[in-house]
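Let's take a walk through this model, one piece at a time. Have your viewer open and follow along.

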Amino acid sequence: MFNPKIPFNELPPLPPDADLETKPVMRKLIKASRALSELNGALTNLPNPNLFLDTIHLQEAKSSSEIENIITTNDDLYRDIIADKKVGAPAVKEVLRYKQALWLGLERIENRPFISTNLCIEIVQCIKQNSSGIRVTPGTVLADSTGNVLYTPPAGEMVIRNKMSELELFINETDNLDPLIKMALLHYQFEAIHPFADGNGRTGRILLLLYLKLSGLLQIPAIYLSDYIIRNKLSYYELLRGVTERQEWQPYVLYMLDMVEVIAQRSLVRIHAVSALMDTISERIKKQVPLAYSKELVEILFRLPYTKRQVLSDAGLGTLKTVGNYLAQLEQAGILTSEKLGKEKFYINKALMDFLAKPN
Ligand SMILES: Nc1ncnc2c1ncn2[C@@H]1O[C@H](COP(=O)(O)OP(=O)(O)O)[C@@H](O)[C@H]1O
Ligand SMILES: [Mg+2]
């Protein structure tokens, strides 16, 4: 009998001893794969596909952290990224580190296409900005808001390490499982092992993006999966428990596939919308502030919604004085708004900020 208060050292290795390829799963799998492949196609066809990565990954970092009650606002986040003097609250720093951790992971798998325990450790250390490693002391439990223990992950460093090596083998071996199903399985397993004292949720969600890239399903991992989880958070927790307590894989796998489908579709719509917004702003700049116009300028305004003179000047758009004039004129034309913080002046692409705040 499963006892939530006893370390779950019996957590079975993957793949589960269950029929995963049921009719409902296969039907959902087709839809999710199709949506993802459309997104992949649209992204690879963009003239500058990496342009939106910063923003998308910051939105992902913000939502994934929010699932863990680390709450920030877009303004605080984007301001802090470009500010010389970082005044951000601890939560802002943590979200920015999440994005760094994601990028570190992406860079690692670029060089070595392999998800390992050590990579997970590197990622969690980057998020937590400390030297955390595999849990060595007992006492890690998952509890509800009233302190009621719902799950006690495996305990004992060797037990955890062994389960992580089994997981590592499962992730990287070739088999007949569909990669999207595999992604769902590995996420559950990682969360159930819960190898770290903290940061497991966030590391596990970074692995989702890394796996999408590794498996070739999404060449440019411009996707914002945590948006789905934050909107369907209770089910996420309940479904994870359903797997542990009742081996209910199907509803959990369906949830993960639905996440891929919904988010891929939404991302596709949003990529087109933001590209259209970029065209509109380009035209406005050409018309209203022709001297300031360049393709590079527009790209900077859309790479991140906050900018400043130094950024433009570093990008080779002119001296600080020249680009300062551009920015002032863009503000006069109503294309940018500005904000002062101490000695620094930031310029904000309000249309992009509004777009990011839109729920869909
Ligand atoms: N019953 C459960 N079984 C396994 N994992 C769970 C369960 N409930 C929640 N989780 C996972 O644990 C994460 C929280 O773990 P934690 O180490 O605090 O992560 P973080 O520091 O990123 O907040 C959740 O986001 C979820 O992924
Ligand atoms: Mg936590």
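Start with helix H5, whose buried residues are Leu119, Cys120, Ile123, Val124, Cys126 and Ile127. Buried here means that 20 or more other C-beta atoms lie within 10 Å of the residue's own; 12 or fewer makes it exposed, anything in between partly exposed, and C-beta atoms are placed from the backbone. Look down the axis of H5 and those buried residues fall within an arc of 160 degrees, so they line one face of the helix; the arc is that of the directions from the helix axis to the C-beta atoms.

Before going on, some housekeeping. This is a predicted model, where local features need pLDDT of at least 70 and side-chain atom pairs count only at pLDDT 80 or more, while totals for chains, interfaces and linings use all residues. Residues are numbered from 1 along each chain as its sequence is written, with chains lettered from A and ligands numbered from 1 in the order in which they are written. Helices (H or I, at least four residues) and strands (E, at least two) are DSSP runs, numbered from the N terminus.

Back to H5: what covers its buried residues includes helix H4 (90-111) and helix H8 (200-214). Contact means C-beta atoms, placed from the backbone, within 7 Å. Just past the end of H5, glutamine 129 takes a positive phi of about 55 degrees.

H8 turns up again around ligand 1: along with strand E2 (149-151), helix H7 (179-193) and helix H10 (233-246), H8 supplies at least two residues of the shell. The ligand is surrounded by 17 residues, the closest being Glu68, Glu191, Asn200, Gly201 and Arg202; a residue is near if its C-beta atom, placed from the backbone, lies within 6 Å.

Next, find tyrosine 255 in helix H11 (residues 249-288). Why does tyrosine 255 count as buried? Because it has 20 C-beta neighbours inside 10 Å. Leaving aside neighbours within four places in sequence, tyrosine 255 is in contact with Ser235 and Leu239.

Finally, zoom out. The protein chain is divided into domain 1 (23-270) and domain 2 (289-357), with bounds from an automatic or database domain assignment. Their centres, taken over C-alpha atoms, are separated by 33 Å. The contact takes 13 residues from domain 1 and 16 residues from domain 2. On the domain 1 side, H3 (74-82) gives the most, with 5 residues.

Note on methods:
Contact = placed C-beta atoms within 7 Å.
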